[in-house]
Amino acid sequence: MAADDVTATAESERDARNKGFQDADEVLPQYHIEAQTSLVERPLRSLKYGEAFAVLDSYGDIGVLPGPEGLYFQDTRYLSRLHFTIEDQRPLLLSSVMQDDNGALSVDMTTPDIRVDAHDETTIPRELIAIERTKFLFKGSCYDRIGLRNYDSRTRKLRVGLTFDADYRDLFEVRGMDRALRGKRSVQVASETEVQFRYVGLDEMVRTTSLHFGPKPHHIAPGQATFEVTLAPGGRASLFVRTVFECHRAFTSAPAAEQVGEDAAAGLSRAAGSSPGPRHPRGLAEGVIFARAYRDSRRDLRQLTAGITTIISSNDQFNEAACRATADLYMLASRTPEGIYPFAGIPWYSTVFGRDGIITAMMALWVDPNFAKGVLRYLASTQAKAIDPAADAQPGKVLHETRRGEMAMLGEVPFRHYYGTIDGTPLFVMLASEYYAVTGDRETIAAIWPALELALDWMNRYGDRDGDGFVEYARDTDKGLENQGWKDSHDSIFHADGQMAKGPIALCEVQGYVYAAKNGMAKLATMLGHGDLAGRLEAEATALRAAFDTAFWSEEIGTYALALDGEKRPCAVRSSNAGHALFTGIALPERAGRVAATLLSKDGFNGWGVRTIARGEARYNPMSYHNGSIWPHDNALIAMGLARYDLKPQASRIFEGMFDTALYQDQKRLPELFCGFMRRNQRGPVSYPVACSPQAWAAAAPFAFLAACIGLEIQHDRNRIRLKNPTLPAFLDGVSIFNIKIRDSRIDLRLQRYGDDVTVNVLRRTGDAQVSVVK
């Protein structure tokens, strides 16, 4: 039997053995994303600006086939259909690409063979009319230009059609939830060039979608516009569709954001780029409006990315992957009054998530610390101030997510401002410490110091429910998330026999976050002159590390247990969570090698990456969300942890697997996650059907992998860039890093691999910062 067949048979036997556990879970889990179609069934294209995003098919259309496609704003689908045809036929697709910076979608098409009816001869042979489509989002509008050019020697007359609709479904409805009641929708032809949809929600918000056409359509109706286009030989024509989306309270013309100023999270809508788009003078041609908006959107994106650290390597494919990762990060970045914040992912999580934003900012800290600054300030401003069981909130707790859709505003889902995350609060403190170490930004730390103190108090008072020194979770509302770590599936925390762990649950990685948070907070306290607090925190961190090793280490499985249940029984399950113990430094040095070996064993590492749950564990399922799948951000944190303990070959191995994964992905973009099936010759990784792409912390992962392997440390207090035992994976012979920032200095570095050795050269230096390389 071939090795691949042996692997498949073994996995089938395990699946059958685990069937008993799965039968017990026939009811769909809470907030499950239903999937009648797969997001990888056909290529999808994503645009985003501020709180708006669009999911399009390869043609730039919406809703031609069932799926999540649409134009969304504040968790509501404002456009559910936009279908472009010529002579009632779909064009032939030639190419569909996102521009390198994700600023716009460019689609090339041509006409098919066009007949008047099925019995006539061809009236227009295919490939005579070139069609170029450009779409982008900017400040409250989606812009769409359809350019046509006639390459025939004859004049051609064409009927171009657009059909459209707006269903105003809440994102949770699109994900599969049912609603008993909905608001009232209407549509009207507002003028000879405009159709307007209007939805009055049960939350007393009025949501409108206005489609503006240019030039004037030959025919316009509530769901359709038709253009008659005449093209001389070599002639050109352009059609424009501008979709404007707005939201305001019923019985007032003021924008919604102005009505909810008392709401801290509503600051998103007050920020630049999230407010309704500009008003254009009446009669201004749609082509002029398009051109001005395109110009302004390019300027806006250049301003956002000015001065960042960039990477160019010897591997063109890695350069493409790094370019796409950078573009994804800044596409997902949204402006808030507190700074930029990376929204978690498209389509399901295009909003603020505390944990996702923090981890993304951590991994991208050396590339652009502005992410960390914005995340810290935003989360400080939205920190819970009171006990609210319905939101799983206690004073000092950091936000899990915020939603602005109708269902959230009505309380049909608890996520308007939801705090049901156990790890966000220690991660918040941990990020503050890392941000200061890189930037020395005392002003920001001083501004958020009260929030950091509240977070510390939350960890000790509310996080440690039974006073044993560990931080545990148990939800306070039945509507809340059952599991509240980053693996928040309903079945993700279990014992070795497959039985679910009962809470309160202390997660392995969370104790590491608390350990790192207390050590980091001690350094910040010292910097601000709070010596007594610093001493207490250092002692608490030392005690936690010892207690953690005693309670979580499992000699039987050769790694740290996944969690402790409410009775303090270890969940002796091999999981990727143990890798986070390396990332935070809570793992004892003598344990690091064993943890690494378990993570990179054949059960843990499938050739592409480290599985969330090792093969052979009771609930292992390579197609699950958290019980055997592979997450790039999880692997990046593991690689950073391996590098911390100077296990660079192991970190490079994971980096290589993830790079190989990117080569098989559309646009070389790492997805949110993918399936954990064993790697096989001449086959790529198996996709997960409803994974977000792009996803912020997946986009940041390549930067974390590279920093881990080269041992990059930016030490503001010493005015020094240090590279500790730098290594490069086999697919990189050399890497140049431009514009590394430290104090007032800017440095360009070149790393070159010679066998197992790496040399470092300073290509450019302005300022007096030093560069050191240590083994």
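**Sheets, helices and a pocket**

Me: How many bridges pair strand β14 (residues 194–200) with strand β15 (residues 205–214)?
Reply: Please keep in mind that this is a predicted model. Strands β14 and β15 pair in the antiparallel sense. Across this pairing, Tyr199 stands opposite Arg207 in β15. The number of bridges between β14 and β15 is seven.

Me: What is the average twist from one strand to the next in the open sheet β1-β2-β3-β4?
Reply: This sheet has four strands with antiparallel pairing, and its edge strands are β1 (44–49) and β4 (76–79). Three bridges join β3 (residues 70–73) to β4, and Tyr72 stands opposite Arg77 in β4. From one strand to the next, the twist averages 25°.

Me: Which element gives the largest share of the lining of the largest pocket?
Reply: About 1,500 Å³ of space lies in this pocket, and 40 residues line it. Elements giving two or more residues to the lining include α8 (354–363), α11 (424–439), α13 (508–527) and α17 (632–644). The largest share is seven residues, and it comes from α13.

Me: How many residues in the lining of the largest pocket are nonpolar?
Reply: Nearest the pocket's centre lie Glu434, Ala437, Lys523, Arg644 and Glu713. Sorting the lining by class gives nine polar and nine charged residues. The nonpolar class has 22.

Me: Are α13 and α15 (577–584) roughly parallel or roughly antiparallel to each other?
Reply: Two packed helices are described by the angle between their axes and the distance between the axes. Here the axes come within 8 Å and cross at roughly 10°. Angles under 35 degrees count as roughly parallel. The relation of α13 to α15 is therefore roughly parallel.

Me: How many charged residues are in the contact of α13 with α15?
Reply: On the α13 side the contact is made by Cys508, Glu509, Gly512, Tyr513, Tyr515 and Ala516. On the α15 side it is made by Asn577, Ala578, His580, Ala581, Phe583 and Thr584. By class there are seven nonpolar and four polar residues, and the number of charged ones is one.

Me: Is the peptide bond from Gly214 to Pro215 cis or trans?
Reply: Most peptide bonds are trans. Pro215 is in the loop between β15 and β16 (219–221). With omega near -5°, the bond from Gly214 to Pro215 is cis.

Me: Which residue is joined to Ile346 by a cis peptide bond?
Reply: Search the loop between β21 (339–342) and α8. The bond has an omega of about 10°. The residue joined to Ile346 is Pro347.

Me: What is the phi of Lys568?
Reply: Most residues other than glycine have a negative phi. Lys568, in the loop between β27 (563–564) and α15, is not a glycine, yet its phi is positive. The value is about 65°.

Definitions and conventions: Residues are numbered from 1 along each chain as its sequence is written. This is a predicted model: local features need pLDDT of at least 70, side-chain atom pairs count only at pLDDT 80 or more; totals for chains, interfaces and linings use all residues. Side-chain values use heavy atoms; hydrogens and water are left out. Two strands pair if DSSP finds at least two bridges between them. On a 1 Å grid over the protein atoms alone, a cavity is a set of points where a 1.4 Å probe fits but cannot get out, and a pocket is an open set with protein on both sides within 12 Å along at least five of seven lines; lining residues have an atom within 4 Å of a point. Grid points are joined across faces, edges and corners, and a volume is the space filled by probe spheres set on the points. Ala, Val, Leu, Ile, Met, Phe, Trp, Tyr, Cys and Pro count as nonpolar, Asp, Glu, Lys and Arg as charged, and the others, Gly among them, as polar. Axes are lines fitted to C-alpha atoms, for helices over the stretch in contact, and angles run from 0 to 180 degrees between N-to-C directions. Angles under 35 degrees count as roughly parallel, over 145 as roughly antiparallel, 65 to 115 as roughly perpendicular and the rest as oblique. Contact means heavy atoms within 4.5 Å.
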